[in-house]
Amino acid sequence: MAKPQSHREAPRKVVVVGGGTAGWMAAASLVKFLGRLVEVEVVESEAIGIVGVGEATIPQIRNLNRALEIDEADFVAGTNGSFKLGIEFINWRRLDHSYLHNFGSIGLSVNQIHFHHHVFRAQAEGYGGDLWDYCVNTQAARAGRFAPMERLGSSPLGGVAYAYHFDAALYGQYLRRYAESRGARRTEGRIVEVIQDPESGDVERVRLEDGREVAGEIFVDCSGFRALLIEGALKTGYEDWSRWLKCDSALAVPSRNTRPPRPFTQAIAREAGWQWRIPLQHRTGNGHVFSSGYVDVDTARETLLANLEGEALAEPRLIRFTTGRRRKFWNRNVLALGLASGFLEPLESTSIHLVQSGISRFIQMFPTRPIADAERDEYNRQVTLEFERIRDFLILHYHLNERTDSPFWIDVREMDVPETLTSKIALFKASGRIYRDAQDLFTEASWLQVMHGQGLTPQAWHPMADKLSEAELRDMLANIRQIVTGAAAKLPSHADHIARCCAAPQAA
Ligand code: FAD
């Protein structure tokens, strides 16, 4: 048997191409988790700059921060951040309708079945109220309240689940300081050529405009939509999903704050797309994601500017994209992360998470020398599934709508959707059941909230929900409602919490 090669002698040289959110998340994680096993060099070009729009996250980012040992107050202050309890979807089901997709759970599982079966039974019997009456995040969000809370008093109910909004440029700088202080090296310059080994086809080195070269054993392509290595050099190919996710453009603009920051993101459906509002301490991030097949850029810009809450602080910036994914996320000795790996519109703030999960899977599977095909294949299999399940979740928001006011909404309702989504919708419709695949980022509670929020009510509930007598069920529901409302009422306002724990010096 061949002797396994030791990694103790020579650290693996990892070159991260790109210094946007993806590049610095990768560099920070590599130096922290692999330590002396790697030597990390980030190559970036200030002249090219970063896309600079990813500003809303999901709760998993707190796991990354914990693993990196980042202090929350320092982090929120350092990125001009705010807290996020979920996303409010306005006008998605129909005009003048809204619901919140909250992080965390709704109620708690009783008699081993999900809570919503009990609520749907109660609703059918004429009591029980609204599904979101049992969700502390909704109650806090609607009242503009926030503070971390692990559990709701002494009850078994889960506490407040949350994520962050932050300034994308400040987030990159924050992680850059982190990574550089732990040994990552940064090289400034524009890459003009990617040089491959003529025999293996692996990337060997990149050449900069001024002639300098940076060589490495593993390359992490974080070059954004340019995808310099994974596509430019390796021609990996792209699977286009725009037949289902028809938006292909976004206009982004910051605006002045006119009110205390909401503890949630807003996603407001427009004629042929939707608008985001992301509240930060010093400004609000806004954007209009739209389908150029249904609305022209000038109209999209007017719509965005007409719907800002405060004065625009810059000219709207146009970004074009093709929704889909790279055919392989890890090809030869190149791992693609961030926009270089694919694009899913920011409806559920999943892109930064995909960077996090990509890098964490890669560290779990940090390759042998030489890299085995089986390692790459397994990585690609897992990431493909994760991308596909998120894709289905995003399509769900569009597909289940009742709008008749624009061709876009009618078309997305009538289009065929992937079979994996069709069967999920059918199962929920028939019986209220939701099953989550192993690589599904979103929990049952998330699927539930969007399916129900978009107007789907199951025709039946789990038979086990009938185990409780009516009196027992009424009692249990009233009790949980009381705990949830009481807990939300105890929270301070979001603005007070920020002022107390993590106000950014420049935002004060
Ligand atoms: P970039 O930020 O584009 O960075 C690319 C880097 O590569 C830069 O440093 C650049 O200088 C460097 N580079 C490129 N070419 C060269 C070269 N030739 N030589 C040297 N360096 C080079 N995600 C979320 O999670 N939440 C959101 O709310 C969200 N909103 C979004 C809204 C929009 C409209 C878009 C388009 C994306 C959004 N995203 C969001 C996605 C998120 O912005 C990205 O996933 C994240 O910013 C990572 O980007 P990146 O680092 O891959 O690319």
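User: What lies 3.3 Å from a polar backbone atom of Thr 21?

Analyst: A polar contact is a pair of N or O atoms within 3.5 Å; within protein, one must be able to donate a hydrogen and the other to accept it, and residues adjacent in sequence count only if both atoms are side-chain atoms. Here, an oxygen atom of the ligand lies 3.3 Å from a polar backbone atom of Thr 21. For Gly 54, a polar backbone atom is 3.2 Å from a ligand oxygen, and for Leu 339 a backbone N or O atom is 2.9 Å from an oxygen atom of the ligand. The model is predicted: local features need pLDDT of at least 70, side-chain atom pairs count only at pLDDT 80 or more, and totals for chains, interfaces and linings use all residues. Residues are numbered from 1 along each chain as its sequence is written, and side-chain values use heavy atoms, with hydrogens and water left out.

User: How many residues surround the ligand?

Analyst: A residue is near a molecule if one of its heavy atoms lies within 4 Å of it. The ligand is surrounded by 33 residues, the closest being Gly 19, Ser 45, Ala 56, Ile 191 and Ile 352.

User: At what angle do helix H2 and H9 pack?

Analyst: Two packed helices are described by the angle between their axes and the distance between the axes. Axes are lines fitted to C-alpha atoms, for helices over the stretch in contact, and angles run from 0 to 180 degrees between N-to-C directions. Helices are DSSP runs (H or I, at least four residues), numbered from the N terminus. The angle between H2 (residues 60-67) and H9 is about 45°, and their axes are 10 Å apart. H2 and H9 are therefore oblique to each other (under 35 degrees is roughly parallel, over 145 roughly antiparallel, 65 to 115 roughly perpendicular, and the rest oblique). Gln 60, Ile 61, Asn 63 and Leu 64 of H2 make the contact with Ile 352, His 353 and Gln 356 of H9, where contact means heavy atoms within 4.5 Å. Ile 352 is also among the residues closest to the ligand.

User: Which residues of H9 meet H10?

Analyst: The axes of H9 (residues 351-364) and H10 (residues 373-399) come within 11 Å and cross at roughly 160°. That makes H9 roughly antiparallel to H10. On the H9 side, His 353, Leu 354, Ser 357, Gly 358, Arg 361 and Phe 362 meet Tyr 379, Gln 382, Val 383, Glu 386, Phe 387 and Ile 390 in H10. Pro 370 lies in the loop between H9 and H10, and a cis peptide bond joins Arg 369 to Pro 370, with omega about -5°.

User: How are H12 and H13 oriented to each other?

Analyst: H12 (residues 419-431) and H13 (residues 444-453) pack at an angle of about 80°, with axes 12 Å apart. H12 and H13 are therefore roughly perpendicular to each other. Leu 421, Lys 424, Ile 425 and Phe 428 of H12 form the contact with Trp 447, Leu 448 and Met 451 of H13.

Terms used:
Helices (H or I, at least four residues) and strands (E, at least two) are DSSP runs, numbered from the N terminus.
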